[in-house]
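Take a moment with the sequence and the model below. Then follow the paragraphs through the chain and on to the ligand.

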Amino acid sequence: MNNILLEHTDHVAVVTVNRPSQLNALNSETIAELSKVLDELAGNDDVRAIVLTGSGEKAFVAGADIKEFADFSQEEGRRLSAEGHKMLFNKLEKMPKPVIAAINGYALGGGLELAMSAHIRLASDNAMLGLPEVSLGVIPGYGGTQRLTRLVGMGKALEMICTAGMTSAADAKSWGLVNNVTTQEELMPAAMKMAGKMAKQSPSAITQALIAVRAGMAHDQDGFTAEINAFGECFGTEDFKEGTTAFLNKRKPSFTGK
Ligand code: CAA
């Protein structure tokens, strides 16, 4: 892989977008590599939580690569968006294990869309978040019009989208767009600490929780029905037997994800 770094310790994988000279902008090669890494991590039972970040101190990801699409036709634009949704952004949202975006600097356009496709966002205090696409004559095309609206509501989403402005990490926190803000030095330790806590829980139960929560956001599903089904699924797992037995025997559980 040319643009992605992958590390893996103690059930937590760290995925770093590594094109710092281009502020980690998502060119087609980077999107394809991220897509492949997500497939690998989804199928790797040893990985229980994922932290996604950007290389360097300046940017998480500064957007889709403008240099690649500047001369695209309408049809090429449509395809760029559709393939991005399928290959990366929807795939990330549907990951069966929790993904924490550690936003270490600019998260703009496709970069904020990437962070919003993750399940949880933490940001460093220098981070700037925005969807500046209308300043380029396009709109957010990697799910931003939908996911930003779900996260912050229509009024704030349209303010961010239509002004093309950047929001500070502190404001993003007050809007619910990021869960917490730290210094840049503390960002990865905080993300790893949260991921480590998740990695100690039942992986199979976490997968079911992700399915149930996501269903509530989908227009074609009933979240309560999804929760009932996901709850029932848990009762067929070894993790459920281990978790309840450990509690009753006053010991710590040791989960396998089965
Ligand atoms: N695409 C391609 N290259 C990018 C880029 C992007 N989104 N963002 C930054 N870069 C490149 C710059 O072109 C520059 O490369 P060169 O040295 O080869 O010229 C390098 O990264 C460093 O960037 P700057 O010199 O611009 O750095 P700066 O500190 O002066 O400015 C910035 C930082 C404000 C983030 C500025 O780079 C910027 O505005 N970037 C573009 C942000 C943007 O508009 N993102 C949305 C993209 S469109 C999109 O994402 C569509 C979609 O939804 C599908």
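Alanine 218 lies in the loop between α9 (203-217) and α10 (223-234). Helices (H or I, at least four residues) and strands (E, at least two) are DSSP runs, numbered from the N terminus. The model is predicted: local features need pLDDT of at least 70, side-chain atom pairs count only at pLDDT 80 or more, and totals for chains, interfaces and linings use all residues. Residues are numbered from 1 along each chain as its sequence is written, and side-chain values use heavy atoms, with hydrogens and water left out.

Buried means under 20% relative accessible area, exposed over 50%, and partly exposed in between (1.4 Å probe, protein chains only). Leucine 6 is 212 residues from alanine 218 along the chain. Their C-alpha atoms are separated by 30 Å.

Now turn to another loop. Glutamine 22 is found between β2 (12-17) and α1 (28-43). Its relative accessible area is 28%, so glutamine 22 is partly exposed. The side chain of glutamine 22 makes a polar contact with the side chain of lysine 67, at 2.5 Å. A polar contact is a pair of N or O atoms within 3.5 Å; within protein, one must be able to donate a hydrogen and the other to accept it, and residues adjacent in sequence count only if both atoms are side-chain atoms. Glutamate 238 is 216 residues from glutamine 22 along the chain, and their C-alpha atoms are separated by 46 Å.

Next comes the ligand. Which residues are closest to the ligand? They are Lys58, Ala64, Gly110, Glu113 and Glu133, out of 23 residues that surround the ligand. A residue counts here if one of its heavy atoms lies within 4 Å of the molecule. By class, this shell has 12 nonpolar, 6 polar and 5 charged residues. α2 gives the most to the shell, with 3 residues.

A polar side-chain atom of lysine 58 lies 2.6 Å from a ligand oxygen. An N or O atom in the side chain of glutamate 113 is 2.7 Å from an oxygen atom of the ligand. For glycine 141, a polar backbone atom is 3.1 Å from a ligand oxygen. Taken alone, the ligand exposes 980 Å², and the protein buries 66% of that. Accessible areas come from the Shrake-Rupley method with a 1.4 Å probe; for residues, only the protein chains shown count as cover.

Note on methods. Nonpolar A, V, L, I, M, F, W, Y, C, P; charged D, E, K, R; others polar.
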